[in-house]
Amino acid sequence: MMPRAAIILPTYKEIENVAILIPRLSDIDRHYEVILIDDHSPDGTADRVRELAQSYPVKLLERNGKLGLASAVIDGVVKLARAPIVVVMDADLSHDERIIPELVASVEAGADVAIGSRFASGGSTEDSRTRRFFSWGAKQVARLLLGVRVQDPMSGFFAMRRDAFNNLVPKLKPKGFKILLDILVRLRPERVVEVGYLFRSRQKGESKLTGVIAGQYFRMIWDLWRDRR
Ligand SMILES: Nc1nc2c(ncn2[C@@H]2O[C@H](COP(=O)(O)OP(=O)(O)OP(=O)(O)O)[C@@H](O)[C@H]2O)c(=O)[nH]1
Ligand SMILES: [Mg+2]
């Protein structure tokens, strides 16, 4: 039977988190196609996923090195997904898997993109004040410079049709790390739905949010802004 949605999970050093997340996803809907893209995590994430694959229907794409978040998402969708809808999500338990059915239903009902949103009604975040300020600033920059008017353009949690995603792939920047923003700029979607959820802080594993990432963000905004003109 064709799965209703493919859940795309990029992982880098998420060994403890995948062991919690994969059973939770199967509790929500056993017919999701769960796809992990691991970049040769030194903590053995891929081995743990292979163990879990004996009990849960998951697919694993292993890449040879840390090639980045956006390219992991793209590879997962292009190489493994079969379902008509893809849901992109972090594997660190920050994103609340319980809203996945609503994201999927929104796309089935005609939304171009459905976003798991910290800032839409019903949404909130455990983020520190610094990170909240950074997200707010990033949102204003996206609105003013790129004309993207959604509440949470920096979300890593969203759903869309797989064929629409595939059509965009040639235009996306695999080096980026905020793939949703890239998609919103390229696609200019008319129908966007935002579903609020509580963004939880990472409990296990290490953060990849560093100064380098902040620098990459402004680089990405600059590139998108230049392309737009
Ligand atoms: N395959 C792959 N996955 C990655 C890479 N970088 C990050 N990820 C995964 O992408 C998701 C988001 O990364 P996070 O480290 O949670 O980034 P963040 O949410 O900005 O920062 P923290 O949660 O505070 O660490 C997680 O599931 C990571 O494991 C990468 O280079 N390759
Ligand atoms: Mg995270």
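**A mixed sheet and its helices**

The buried residues of helix α2 pack against β1, α1, β2 and β3. Here a residue is buried if 20 or more other C-beta atoms lie within 10 Å of its own, exposed if 12 or fewer, and partly exposed in between, with C-beta atoms placed from the backbone. Two residues are in contact if their C-beta atoms, placed from the backbone, lie within 7 Å. Helices (H or I, at least four residues) and strands (E, at least two) are DSSP runs, numbered from the N terminus.

This is a predicted model, in which local features need pLDDT of at least 70 and side-chain atom pairs count only at pLDDT 80 or more, while totals for chains, interfaces and linings use all residues. Residues are numbered from 1 along each chain as its sequence is written, and chains are lettered from A and ligands numbered from 1 in the order in which they are written.

Helix α2 covers residues 45–52, and its buried residues are T45, A46, R48, V49 and L52. They span an arc of only 160 degrees around the axis, which puts them on the same side of α2; the arc is that of the directions from the helix axis to the C-beta atoms. An α-helix has 3.6 residues a turn, so residues three or four places apart point the same way.

Now to the whole protein. Its secondary structure comes to eight helices and nine strands. Seven strands form an open sheet with mixed pairing, in the order β3-β2-β1-β4-β7-β5-β8. Two strands pair if DSSP finds at least two bridges between them. At the edges are β3 (58–62) and β8 (192–196), each pairing on one side only. On average, neighbouring strands of this sheet are turned by 20 degrees against each other, direction ignored. Axes are lines fitted to C-alpha atoms, for helices over the stretch in contact, and angles run from 0 to 180 degrees between N-to-C directions.

Strand β1 (residues 5–11) pairs with β2 (residues 33–38) in the parallel sense over six bridges, and I7 has V34 as its bridge partner in β2. With β4, β1 also pairs in the parallel sense, over four bridges; there the partner of A6 is V86. Is β1 buried or exposed? Seven of its seven residues are buried, so β1 is largely enclosed by the rest of the structure. On one side these are A5, I7, L9 and T11, and on the other A6, I8 and P10, so that both faces are covered.

Further along the sheet, β4 and β7 (residues 158–161) run antiparallel and are joined by four bridges, with V86 partnered by M160 in β7. Strand β5 (residues 113–117) is joined to β7 by three bridges, again antiparallel; A114 has A159 as its partner in β7.

β1, helix α1 (residues 15–28) and β2 make a right-handed β-α-β unit: with the strands pointing away from the viewer, the path from the first strand over the helix to the second runs clockwise. Helix α3 (residues 69–80) lies across β1, β2, β3 and β4 (85–88), running at about 145 degrees to β1.

Of the 229 residues of the protein, 44% count as buried. Its C-alpha trace spans about 50 × 40 × 35 Å along the principal axes.
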